[in-house]
Amino acid sequence: MRVILNKKMLIVSLIVLAILFPLFVPNQYYIHILTLAFIWTIAVYGLNLISGFTGYLSLAQAGFFAIGAYSLGLLTVKAGMSFWLAFILAPLITSIFGLLIGLVALRTKEHFFAIYTLCVGYIIYLVIDKWDRLTEGVRGLMGIPSPADIGPISFSTPLGQYYFVFVVLLLVIFLVYRIVNSLTGRSFIAIRNSEQLAQSLGISTMKNKLTSFVLSTFFAGVAGALYASFIRFIGPEISYTTVVFDLLTYMIVGGIGTLSGPLIGTLLIVWLSQNLQFLQDYRMLVFGPLLTMLIIFSPGGIVGSFHSWQLKRQERKRLNTGSLNN
Amino acid sequence: MLELRGATVNYGNFSAVQQADISVEEGDIVVLLGANGAGKSTTFRAISGLVRLVSGEILFKGDSIDGKSPDKIVQMGIVQCAEDRKLFPQMSVEQNLMMGAYVHRKNKKQIRKSLEEVYELFPILYDKRTNFAHSLSGGQQQMLAIGRALMSKPKVMLLDEPSTGLAPLVVEQMFKSIQQINNNGTTILLAEQNAKVALSIATKGYVYENGSIAVEGKPKELFSNEKVRKAYLGA
């Protein structure tokens with residue numbers, strides 16, 4: 001019971017902290033960075049659903065992120081649609097692409113799935129890069145509107161956008177929490193555990209994998225749409241392979257297949273790379289070895305390691321009290 | 001109820017099961033005997049739809065089920081309790097059981113009822129229902145694996161080597177439970193290496209050798225068969 005209370009307190013205080021953060025740090029730059037980090041976190045939550053919980057490493061997440069971003073951009077800039085309608089449509093369009101690609105991709109397994117989705121991601125990049133007439137190619141798509149005002153609430157200031165993205169992030173985390181703790185979520189975990197076992201219990205694995213994959217692309221689409229409306233300029237590089245590996249790093253450092261991992265990993269890495277700004281691209285010389293060490297010594301990431309440490313402690317406690325009783 | 005006719009399964013060039021003819025009547029406990037790699041598990045995998053037959057057919061209540069997807073087969077009433085007590089280690093005992101009821105997920109009432117039945121059969125699972133599956137002992141894990149399979153309300157249950165790695169006393173209990181499940185109306189197809197105990201509860205037995213069925217008959221006939229005695233009963 002105390003653990004649950006503590007957890008609740010922790011979550012509430014974190015939310016309060018995030019709400020008050022802009023008041024303590026009036027520096028616009030930090031608010032900008034944190035807003036971006038929240039947007040990436042949403043994409044990582046999607047990635048974590050298919051890769052962490054279902055066990056299918058999808059390397060097309062940046063591609064779907066870009067589909068979400070370009071859907072919003074094209075619908076508002078070229079089709080002249082109202083922002084909010086485009087903002088709702090963008091993740092749905094992304095999910096439709098996800099469904100079609102998932103139907104083919106999920107026939108493969110393990111590293112073949114990873115390679116296949118890597119190719120899909122690269123094809124998405126190529127299409128965006130080369131289809132000048134639709135996407136403006138390397139010039140990028142400019143003049144994407146900020147979220148339109150709703151009555152007195154304005155989203156055009158950095159502060160307004162920060163809170164907007166934060167609320168969406170909270171919604172996403174809540175949704176993922178509900179999914180993971182439902183029978184559907186446990187079916188994902190069962191598939192990760194052993195697809196054959198899941199099948200022999202009557203779980204239709206294709207349907208569940210597809211659900212997980214489409215959900216992951218939906219969240220990528222949400223993140224992409226937020227990104228486009230926040231930065232207001234998008235180019236093909238947001239779908240490039242390096243972005244996938246950034247997302248992957250956030251997820252692995254935070255803890256693959258955990259609920260709080262994506263948030264912790266993304267914030268930590270973004271914070272670290274801000275502090276290592278002075279090293280320029282040599283930052284990667286720090287991140288590379290760090291990541292390698294982490295994968296070798298603690299593949300569960302920060303949250304995963306914390307969980308196993310907690311379990312060990314509980315087990316020791318149980319053994320100690322057990323021996324006292326005897 | 002369940003019938004295999006000339007069932008043949010290949011893994012690449014390797015033929016795992018050749019021309020197996022098995023027939024299971026309603027209410028039977030049929031035992032498949034045989035050494036490791038003789039083809040028992042492959043037969044189960046074929047019935048569960050996890051591998052396709054190269055030739056032959058599998059009939060359930062007179063209809064062919066070959067080519068049906070594994071989840072359809074579970075829905076129809078054939079469930080497998082796989083070897084090695086494969087559980088979901090980071091889920092609780094009750095969550096593991098709930099996964100077994102996946103095909104009935106919309107029928108909450110029925111799930112409650114099945115859950116009660118499983119707890120009645122294995123009271124220890126009720127006591128440990130909130131524990132992680134990986135914290136259970138070997139025998140309890142086997143009970144959980146069987147209980148989970150029962151949650152799908154099977155008409156036929158395929159049990160793959162439930163006695164592996166269990167202490168003799170626990171094995172005896174396990175077989176009593178299996179008999180109990182059978183008495184409650186579930187037909188059982190059992191793969192075992194522990195021939196003595198298995199045949200003692202069986203209504204019929206098949207002996208596998210290198211992927212094909214070498215001997216079949218009533219337990220009494222198998223007990224008196226010279227070959228079977230030598231190979232499996234150590235006498």
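Me: How many residues does the contact take from chain A and from chain B?
Reply: In this predicted model, the contact takes 15 residues from chain A and 21 residues from chain B.

Me: Which elements of chain A give two or more residues to the side that touches chain B?
Reply: They are α8 (183-193) and α9 (195-200) of chain A. The most comes from α8(A), with six residues.

Me: And how do the residues on that side of chain A divide by class?
Reply: The side of chain A that touches chain B has six nonpolar, eight polar and one charged residues.

Me: Turning to chain A itself, what is its secondary structure?
Reply: Chain A has 14 helices and two strands. Its radius of gyration is 21 Å, close to the 20 Å that the globule rule gives for 326 residues, so chain A is as compact as a globular protein of that length.

Me: What share of chain A counts as buried?
Reply: Of its 326 residues, 42% are buried.

Me: Now chain B: which domains is it divided into?
Reply: Domain 1 covers 2-77 + 154-233, and domain 2 covers 84-149. Their C-alpha centres lie 23 Å apart.

Me: How many residues of each domain of chain B are in contact?
Reply: In chain B, 12 residues of domain 1 are in contact with seven residues of domain 2. On the domain 1 side, α2 (70-76) and α7 (168-183) of chain B each supply at least two residues, and α7(B) has the largest share, four residues. By class, that side of domain 1 of chain B has seven nonpolar, four polar and one charged residues.

How values were computed. Residues numbered from 1 in each chain as written. Chains lettered and ligands numbered in written order. Predicted model: local features only at pLDDT ≥ 70, side-chain atom pairs only at ≥ 80, totals over all residues. Contact = placed C-beta atoms within 7 Å. Nonpolar A, V, L, I, M, F, W, Y, C, P; charged D, E, K, R; others polar. Rg over C-alpha atoms; globule rule 2.2 N^0.38 Å. Buried ≥ 20, exposed ≤ 12 C-beta atoms within 10 Å, placed from the backbone. Domains from an automatic or database assignment.
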